[in-house]
Amino acid sequence: MKPLDKAKQSETFCIYPWVHQYIGPPGDVKPCCVYQQDEQLGSLKENTLEEIWNNENTKKLRLDLLNGEKPPGCKICWDRTGVSSRTHRDDANENMFKEDVYNLVNMTQEDGSLPVHQLLYIDARWNNLCNLKCRTCGPRFSTSWIEDHAKLYDRTIIEVKNSGDGFQFSGKTENQLLDEILPHVPYVKQIYFAGGEPLMQKEHYKILEELLRIGHTGTENNPLVINYNTNFTQLKLGNHSALDYWKHFKEIKINASLDGSHSRAEYWRKGTNWETIVNNRKRMIQECPDTGFRISFTLSWPNSFNLVDFHREWVELELIKPEDLSLNILEVPEYFSIKSMPKWKKEKIEKLFLQHIHWLKQYPYTDRIRQEFYDAIQIMYSVDTGDEFLHMEEFVKKQNKLDSIREENFWETFPEHEDIKEILGSCAW
């Protein structure tokens, strides 16, 4: 049976290992960004992307996916199959597994190797440079986290930097990843800029400049979709204005990582100035009205109630359309997961989400986001917690210490969770 026929029949097939290599700030190379953190196909600190493309790990992954096996690194997709209406694998296959890549799949050799190394989808995290220190992040993806990380774990800043948690770039040299990615730019179909914070990184602008130089800005015959995951705090780097670049491309999609609004946003993504976020959105509407924009909201239990208020406020202010929201369900740290809540708290979140779904029904084109709220409810109940708050001790310990370091107070910022504070008792203080 030909590889393409196997792919079409396999219940676990995912196109990513044929068109994509994810590269993280520490140099880890994976088939996608949601591949398990403790799993990788190789490291750019040790090998080139081309060498990793056909190493033993990558070849085995391709064969497993063709043969209906479930590689452990793909755990998030397997866990959500049948629970959520969409998985990362579903989106990948829908967007990329089309006739123009069928030949690539058919080139797969018996050992799983692929003679053509063409990254039709690029997701290269050049480094961990970032101006925010979000509660769900750490120094792996943010340089701003270094000092607090040292204090949180009673280490010196020097120890943190020497352990690899300081400024990190993917390759053996700072320019290696860019040098290896540039040859793929002429035939890339999708680019995903994330970070760190991509709008702070010079490599991001160099990729855009190369695309403009060769005239690859997206046409019907040569499509190009550029997606961003940005904290949306700044739109310039030196003399480079992101808005000026975006005007030249046919399809730009901005996914703004905003996990709350007002004081909750400033707490959850430390370093955020809410007024700046609002002004940046207004400026983008004025200067780049045709550039796509969506709130990419990472859902945890602390921000679950604010999600609804935030969504409605921006719709009413006409900063977004009702459908301009997507939900990413947080998995780690587990003490922030909606799956870890006691059942009675889950029921309150469910009631709120069902009311919001009803509110959304008055608007056209909201089928997708309404389904994402339904999916969030399903995922929340996928772990039977009873009356137990899972990982409670870790939550209290981490948040109390980080609040002390940053001179903040979780309970004052999120008074809607007074009921959780009550069950925690004195340990929450």
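Mentor: A crossing is left-handed if the near helix is turned anticlockwise from the far one by less than a right angle, and right-handed if clockwise. The structure is a predicted model, where local features need pLDDT of at least 70, side-chain atom pairs count only at pLDDT 80 or more, and totals for chains, interfaces and linings use all residues. Residues are numbered from 1 along each chain as its sequence is written, and side-chain values use heavy atoms, leaving out hydrogens and water.

Trainee: Does α15 pass α16 in a left-handed or a right-handed crossing?

Mentor: Helices (H or I, at least four residues) and strands (E, at least two) are DSSP runs, numbered from the N terminus. Helix α15 spans residues 304-316 and helix α16 spans residues 343-360. The crossing of α15 past α16 is left-handed.

Trainee: How are α15 and α16 oriented to each other, roughly parallel or roughly antiparallel?

Mentor: Axes are lines fitted to C-alpha atoms, for helices over the stretch in contact, and angles run from 0 to 180 degrees between N-to-C directions. The axes of α15 and α16 lie 9 Å apart, at an angle of about 15 degrees. Angles under 35 degrees count as roughly parallel, over 145 as roughly antiparallel, 65 to 115 as roughly perpendicular and the rest as oblique. The two helices, α15 and α16, are therefore roughly parallel.

Trainee: How many nonpolar residues are in the contact of α15 with α16?

Mentor: Contact means heavy atoms within 4.5 Å. Residues of α15, including Phe305, Leu307 and Val308, meet residues of α16, among them Ile349, Leu352 and Phe353. By class (Ala, Val, Leu, Ile, Met, Phe, Trp, Tyr, Cys and Pro nonpolar; Asp, Glu, Lys and Arg charged; the others, Gly among them, polar), the contact of α15 with α16 has three charged residues, four polar ones and, for nonpolar, nine.

Trainee: How many salt bridges does the count come to?

Mentor: A salt bridge is a side-chain nitrogen of Lys or Arg within 4 Å of a carboxyl oxygen of Asp or Glu. By this rule, the number of salt bridges is 32.

Trainee: With which residue does Asp28 form a salt bridge?

Mentor: Asp28 is in strand β2 (residues 28-30), and its partner sits 112 residues away, in the loop between β5 (133-134) and α8 (146-152). Asp28, at 4% relative accessibility, is buried (under 20% relative accessible area; exposed is over 50%, partly exposed in between, with a 1.4 Å probe and protein chains only). With closest N and O atoms 2.7 Å apart, the partner of Asp28 is Arg140.

Trainee: How far apart in space are Tyr205 and Leu237?

Mentor: Tyr205 belongs to helix α11 (residues 202-214) and is buried at 1% relative accessibility. Beyond four places in sequence, Tyr205 touches residues including Leu235, Leu237 and His240. Tyr205 and Leu237 are 32 residues apart in sequence, but their C-alpha to C-alpha distance is 8.9 Å.

Trainee: Is Ser300 buried or exposed?

Mentor: Ser300 is in the loop between β12 (292-299) and α15. Leaving aside neighbours within four places in sequence, Ser300 contacts Trp268, Leu330, Phe336 and Ile338. With a relative accessible area of 0%, Ser300 is buried.
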